[in-house]
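Student: Could we go through this structure together, taking each label in turn and asking what the label rests on?

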Amino acid sequence: MFFRYRLLLLAAGLFWQPAQAEALLSASPSNCVTLQQGRECHAQIQTAWTISQPLTVCLYLDEQQLQCWHNTASAQWQWHFKDMQSRQLILWQMTDSEQKLHVLATARIEVSWVQSAHKKRLWRRF
């Protein structure tokens, strides 16, 4: 009986994972529009995030670290976006030595354009 109880506890421990903090991440505006394809898009982005418990977190734009916060449960941050293509914002939980632990939330900034870079001219000069 004791052996079965111990085996059951061992099996439960293999499948138990510590609860991850619930997180929300938003970026506004989430769409950046440039006049022509191939040009850099510029926008002031307001980023806000909240998690269920205070942690050390860092905000990344793809692989580029933007900002970190220590022992914090929510924050707002404004920054200048400048790029020619869409990018992913990632809120990472960090270790005390600021190593990436796991992703808490993501948001996307889409880049679009009004005109194609290879638009044909429809008029001729006579």
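Tutor: Cys 58 and Cys 68 form a disulfide, with their sulfur atoms 1.8 Å apart. Please keep in mind that the model is a predicted one.

Student: Why is the pair of Cys 58 and Cys 68 called a disulfide?

Tutor: The cut-off is a pair of cysteine sulfur atoms within 2.5 Å, and the sulfur atoms of Cys 58 and Cys 68 are 1.8 Å apart, so the pair is called a disulfide. The torsion about this S-S bond is about 105°, and the link is therefore right-handed. Cys 58 belongs to strand S3 (residues 41–61) and Cys 68 to strand S4 (residues 64–83), so the bond ties together parts that are 10 residues apart in sequence.

Student: How many disulfides does the structure hold, and what pattern do they follow?

Tutor: There are two, and, with bonded cysteines counted along the chain, their pattern is 1-2, 3-4. In the other pair, Cys 32 and Cys 41, the sulfur atoms are likewise 1.8 Å apart, and the link is left-handed, with -100° about the S-S bond.

Student: How do you know that Cys 32 is buried?

Tutor: Buried means under 20% relative accessible area, and Cys 32 has 3%, so Cys 32 is counted as buried. Cys 41, at 0%, is buried by the cut-off as well, and both Cys 58 and Cys 68 are also buried.

Student: Which residues have the most contacts inside the largest nonpolar core?

Tutor: They are Leu 25, Trp 49, Val 57, Trp 79, Phe 81 and Leu 89, in a core of 24 residues. The elements that give two or more residues to this core are strand S1 (23–28), S3, S4, strand S5 (87–94) and strand S6 (100–115), and the largest share, nine residues, comes from S3. Apart from this core lies another one of six residues, among them Cys 58, Tyr 60, Cys 68 and Trp 92.

Student: With which residues is Trp 79 in contact, leaving aside its neighbours within four places in sequence?

Tutor: Trp 79 is in contact with Ala 43, Gln 44, Ile 45, Thr 47, Leu 61, Leu 66, Leu 89 and Ile 109.

Student: In soluble globular proteins, nonpolar side chains tend to be buried together. Which nonpolar residues form a patch on the surface here?

Tutor: Val 33, Leu 35 and Val 114 form such a patch, with about 290 Å² of accessible area together. Val 114, which is found in strand S6, has 58% relative accessibility, and because exposed means over 50%, Val 114 counts as exposed.

Student: What makes the backbone at Asp 62 worth a comment?

Tutor: Most residues other than glycine have a negative phi, whereas Asp 62, although not a glycine, has a positive phi of about 55°. Asp 62 lies in the loop between S3 and S4. Asn 71, which is not a glycine either, has a positive phi of about 50°, but Asn 71 lies in strand S4 and, at 60% relative accessibility, counts as exposed. Most peptide bonds are trans, yet a cis bond, with omega about 0°, joins Ser 28 and Pro 29, and Pro 29 has its place in the loop between S1 and strand S2 (31–36).

Student: Why is the pairing of Asp 62 with Arg 87 called a salt bridge?

Tutor: The cut-off is a side-chain nitrogen of Lys or Arg within 4 Å of a carboxyl oxygen of Asp or Glu; the closest N and O atoms of Asp 62 and Arg 87 are 3.0 Å apart, and therefore the pair is called a salt bridge. The bridge links distant parts of the chain, since Asp 62 is in the loop between S3 and S4, Arg 87 is in strand S5, and the two are 25 residues apart.

Student: Which residues are linked with Arg 87 in a network of salt bridges?

Tutor: Asp 62 and Asp 83 are linked with Arg 87; the side chains of Asp 83 and Arg 87 meet at 2.7 Å, N to O. Asp 83 has 15% relative accessibility and so counts as buried, while Asp 62, at 23%, counts as partly exposed.

Note on methods
Residues are numbered from 1 along each chain as its sequence is written. This is a predicted model: local features need pLDDT of at least 70, side-chain atom pairs count only at pLDDT 80 or more; totals for chains, interfaces and linings use all residues. Side-chain values use heavy atoms; hydrogens and water are left out. Buried means under 20% relative accessible area, exposed over 50%, partly exposed in between (1.4 Å probe, protein chains only). Helices (H or I, at least four residues) and strands (E, at least two) are DSSP runs, numbered from the N terminus. A nonpolar core is a set of buried Ala, Val, Leu, Ile, Met, Phe, Trp, Tyr and Cys residues joined through side-chain atoms within 4.5 Å. Contact means heavy atoms within 4.5 Å. Patches are made of residues with over 30% relative accessible area and no salt bridge: like charges are joined within 9 Å, nonpolar side chains (Val, Leu, Ile, Met, Phe, Trp, Tyr) within 5 Å. Accessible areas come from the Shrake-Rupley method with a 1.4 Å probe; for residues, only the protein chains shown count as cover.
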